[in-house]
Amino acid sequence: METINFVAIISVAFLGSLGHCIGMCGGFVVAYSSAKIDSNSNKLTQFISHLFYNLGRVTSYVMLGVIFGFLGSVISFSKTSTGYLYFVIGIIMVLMGLSLMGKINFLTSLECSLSSNSFVKKLFSNLIHSKSFASFYGLGLLNGLLPCGLVYFFAISAAATSSVFWGAITMLIFGLSTIPTLLSFGFIIGFLKSGNFREIMIKIASIVIILYGIYISYLGYMAVI
């Protein structure tokens, strides 16, 4: 894992969280904040509640990193096939960037909703009506396993490491990089959801994701030729 990959993962995940995650997970945060957190409770209790939710998300991402890293390790990748994989990952990133800009519907086609699933609905209902810190952690675990375009991309990146350890690390860094935005979102919903701010961050995130996608595709192309 090169240093630039760590920097890129953090940059893409953080900027993507400002643009995409607020829209994708924002409703989730608003729902549990309204139903489970008393606005009159002290700030420390509110902070811990939001932190447990986000730690639940990160836990799910790390588990996905282990699974996809393992799959990548048992599937034999030659230099050429690895190059093709990185090329495809790069193209997916470019499509994600264009989708964030609203040019195509790539992300929305990936993010199929599970809201109609009876098991998910029942589990969500049980967790949303509980006030315990464990229930916030459980909501985070559930949210982390729901379909998401950014998670799909980083899961593929985890598989490309061909390592359980580095796959987990990739998803850990991704998850940790999204915490500042969603943790803050629980406290300052109005500001982070405001049209102008979110629009600016979406544009910045889109450009960074597209540029990094082109770079990854280039690395894949150079590995193939």
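This is a predicted model: local features need pLDDT of at least 70, side-chain atom pairs count only at pLDDT 80 or more; totals for chains, interfaces and linings use all residues.

**The aromatic pairs**

Modeller: The structure holds four aromatic pairs, where rings of Phe, Tyr and Trp (its six-membered ring) pair if their centres lie within 6.5 Å, with planes under 30 degrees apart counting as stacked, over 60 as edge-to-face and the rest as tilted. One of them joins phenylalanine 154 and phenylalanine 174, and this pair is stacked because the ring centres are 4.5 Å apart and the planes stand at 20°. The pair links distant parts of the chain, since phenylalanine 154 belongs to helix 7 (residues 149–160) and phenylalanine 174 to helix 8 (residues 164–187), 20 residues apart; helices here are DSSP runs (H or I, at least four residues), numbered from the N terminus. Phenylalanine 154 counts as buried at 1% relative accessibility, and phenylalanine 174 likewise counts as buried at 1%, where buried means under 20% relative accessible area, exposed over 50% and partly exposed in between (1.4 Å probe, protein chains only).

Another pair, phenylalanine 165 with tryptophan 166, is edge-to-face, because its centres lie 5.0 Å apart and its planes at 75°. Phenylalanine 165 counts as exposed at 52% relative accessibility, whereas tryptophan 166 is partly exposed at 32%.

Residues are numbered from 1 along each chain as its sequence is written, and side-chain values use heavy atoms, with hydrogens and water left out.

Note on methods:
Helices (H or I, at least four residues) and strands (E, at least two) are DSSP runs, numbered from the N terminus.
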